[in-house]
Amino acid sequence: MEILVILVPLALMLGLAGLAAFLWSLRSGQYDDLDGAAWRAIADDEPPQEAPVKR
Amino acid sequence: MHVTRDFSHYVRAAGEGVQHIDLAVEGVHCAGCMAKIERGLSAMPDVTLARVNLTDRRVALEWKAGTLDPARFIDRLEELGYKAYPYETESAEATEVAESRFLLRCLGVAAFATMNVMMLSIPVWSGNASDMLPEQRDFFHWLSALIALPAAAYAGQPFFRSAWRALSAKTTNMDVPISIGVILALGMSVVETIHHAEHAYFDAAIMLLTFLLVGRFLDQNMRRRTRAVAGNLAALKAETAAKFVGPDEISQVPVAAIHPGDIVLLRPGERCAVDGTVIEGCSEIDQSLITGETLYVTAEQGTPVYAGSMNISGTLRVRVSAASEATLLAEITRLLDNALQARSRYMRLADRASRLYAPVVHATALITILGWVIAGASWHDAIVTGVAVLIITCPCALGLAIPTVQTIASGAMFKSGVLLNSGDAIERLAEADHVIFDKTGTLTLPNLEVTNAADIPAGIFDLAGRLALSSHHPVAAAVAQAAGAKSPVVGAVEEAGQGVRATLDGVEIRLGRPSFCGAEALVSGANLDPEASIVAFSKGPEKFILSVRQGLRPDAQAVIAALKARNIGIEILSGDREPAVKAAAHALGVPEWRAGVTPADKIARIEELKRRGAKVLMVGDGMNDAPSLAAAHVSMSPISAAHLSQATADLVFLGRPLAPVVAAIDASRKALHLMRQNLWLAIGYNVLAVPVAISGVVTPLIAAAAMSGSSILVMLNSLRARSRAREIV
């Protein structure tokens, strides 16, 4: 049962990392446009000669 | 006179030498539009950011300060085929967005805690059956407490706050039993953990919060989305006014940048965006949006004009006054306030459910405790059982029953062109059994139409349309639109109050008053619609007359028939003259109608129907309808309605057809049916679970399973609101 000393903190760390990632994504506005994001994933890349969309 | 467009009101600085503007864009609905707009705008030099938000239909733009005029973005979007207008976030929408984010953060925290506490609970549940050491169980309980207590303190805030507000106002709502349940469950679990007991309910308490937050978030998101759409529509109306910035210089500025005392220019064919008094000029104005009266009113020096009036013939200079000074508006506002107070007494289905629910649950818990003590159990065991009753009856499914249906039903309504202004409108609309329609702008289209276009040779009609493009008169605009005219006739001259004339291939063509075109004989000879405005068109010796009027909405008759088929009473209350209302009522087959009614009369009629027990749906658009919209049980406005009416109405419908009225009634009836069904499911669950809890055999495992089982069942049932509504007519 000594394994608990490693596994329990490890599990909690992973959970907290997930929570932190969620809060970060929320703060950086990734949930502001869910419809648009769904389409952007499959949008074609810009042809090189055109001016790239600046972010 | 020099006219400039000035959008500086909407531009804000976004860091080092960069300026930012948000535009609402019409007609963006796919990835193609998104890419086209972003490429088109970022190809402009000095633009540093062009990003489309497809959910809210907006574009965020940033550029190097001082290099570009924001009006150029709008022109560029126009070239690309999109209508755009600067958008300013209203404070109401900003609050909704902030609230939505807060709920999502709470949901994230609660979901994280639920998952981790569950990870610790499952070994305990299985360990109770096998051979877990008590020390290990205690360790797992303490760990659960460490996760659940801070998470519940954070994620429970929306409920605790709302419960506290309700209690300090000496009422109760659904959040009171929720808060009591969660706090007691957590408190008892801590005490049990300290005493090395077998059962702790950290998992149940935090899971409850997670499920309820899902419901809360859905509810909030629905409201936020409606606000965003409504905000865009308001922006795209592009309400501007020509303000005098010098004695002879005018600037086209957004209405938000106009202050009392400013002087604005009102040209023929323009809708007035402000309240004020005419200081110079003479014209006829159309106040149908305000009073429902379709006859024009003469405006001269000293005449008050209200936002929403259309200027017909001459140019006016208007001094802007504060809205409160306008007597008509003041009267309407007073009626509106009274009506809104009456409305707020309506109790939502969820509140009614919780008002019954809370005392029953708390009494059951108390009786359980006393019952066990009388039966000889120790106080400790009795209280533990009582708290278990509270936990298992916690209104998890009840909290999801209504918001999930509301969210899905509002999505279905959105697809059929109806926007919800208030969440409880669905319940009220489902109960409506009597519909009152306003005539002007509601049963009829807000725009004028040429009714006898078929009688006129196509070539002549096209020519009349092209000539009409040179006039600002709204009737001419209607002719131009009906003819689909694109290129104006070169060298056309407008004679104020008469018409337009031009010479084409040596032949003189004229469009305007019959006397202007020498067509009086034609007019007196014909059997004409008394409601229509008559314009004449002459090409050399050939003369024609066009009859222009507000047409009925294309499907008005079918909608009235569909409402009758649903056993809903119908009547027309209009501020317009009797012949006009009578004609419309006859055409639609509505036996009950009243003409020339004032806003106060409309309210009186609604009150009378209310006393007879009818639930009235008021459909109207004019400012004169706003008080009656508020007084009715539930109300609807077309998107073309006056601002005040649109803000007051519970639902707003888009587009030319009237069909959304029936679609909304159908969708809401179905939704109410599902809400009731969900409440019964939730009650059924309690009826099954409570005896188990009272008997004292509930373990945390049973509580968790029952809670998630009932929540999932209710959510699945709500999804049925999505299925396509049957054809309405």
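In strand β24 of chain B, B:V435 has B:I570 as its bridge partner, and in β26(B) the partner of B:V435 is B:L617. Two strands count as paired if DSSP finds at least two bridges between them. Before we go further, please note that this is a predicted model, in which local features need pLDDT of at least 70 and side-chain atom pairs count only at pLDDT 80 or more, while totals for chains, interfaces and linings use all residues. Residues are numbered from 1 along each chain as its sequence is written, and chains are lettered from A and ligands numbered from 1 in the order in which they are written.

Let us stay with B:V435 and its strand. Strand β17(B) covers residues 434-437. Four bridges join β17(B) to β24(B), residues 569-573, and the two run parallel. Another strand, β26(B), residues 616-619, is also joined to β17(B) by four bridges and is parallel to it. Strands of a sheet pair through backbone hydrogen bonds, either parallel or antiparallel. In a regular strand the side chains alternate between the two faces of the sheet. In β17(B), B:H434 and B:I436 are on one side, B:V435 and B:F437 are on the other, and all are buried. Buried means that 20 or more other C-beta atoms lie within 10 Å of the residue's own; exposed means 12 or fewer, partly exposed is in between, and the C-beta atoms are placed from the backbone.

Now step across to β26(B), where B:V619 is found. Why does B:V619 count as buried? It does so because it has 24 C-beta neighbours inside 10 Å. Leaving aside neighbours within four places in sequence, B:V619 is in contact with B:V435, B:F437, B:D438, B:T442, B:M636 and B:V661. A contact requires the C-beta atoms of two residues, placed from the backbone, to lie within 7 Å. For a view across the chain, compare B:I206: its C-alpha atom is 45 Å from that of B:V619, and the two residues are 413 apart along the chain.

Next comes an open sheet of six strands in chain B, with the order β18-β23-β22-β21-β20-β19 and antiparallel pairing. Its edge strands, each pairing on one side only, are β18(B), residues 444-450, and β19(B), residues 493-495. From one strand to the next, the twist averages 20°. Inside this sheet, β21(B) (507-512) and β22(B) (533-539) run antiparallel and are joined by four bridges; B:L511 has B:F537 as its bridge partner in β22(B).

Helix α15(B), residues 458-468, lies across β20, β21, β22 and β23 of chain B, at about 70° to β21(B). For such angles, axes are lines fitted to C-alpha atoms, for helices over the stretch in contact, and the angles run from 0 to 180 degrees between N-to-C directions. The buried residues of α15(B) are B:F461, B:L463, B:A464, B:G465, B:R466, B:L467 and B:A468. They pack against α16 (474-483) as well as β20, β21, β22 and β23 of chain B.

Another helix worth a visit is α12(B), residues 396-415, whose 20 residues reach 29 Å from first C-alpha to last, close to the 28 Å expected at 1.5 Å a residue. That expected span is 1.5 Å times one less than the number of residues. Of the 20 residues in α12(B), 17 are buried, leaving the helix mostly covered. After α12(B) comes B:G417, with a positive phi near 90°.

Stepping back, chain B has 25 helices and 28 strands, and 47% of its 729 residues are buried. Its C-alpha atoms fill a box of roughly 110 × 65 × 45 Å along the principal axes. Chain A has two helices and zero strands, and buried residues make up 2% of its 55 residues.

Finally, look where the chains meet: the contact takes 24 residues from chain B and 22 residues from chain A. On the chain B side, the elements giving two or more residues are α1 (31-42), β4 (47-53), α3 (91-129) and α4 (134-155). The largest share of that side, nine residues, comes from α3(B).
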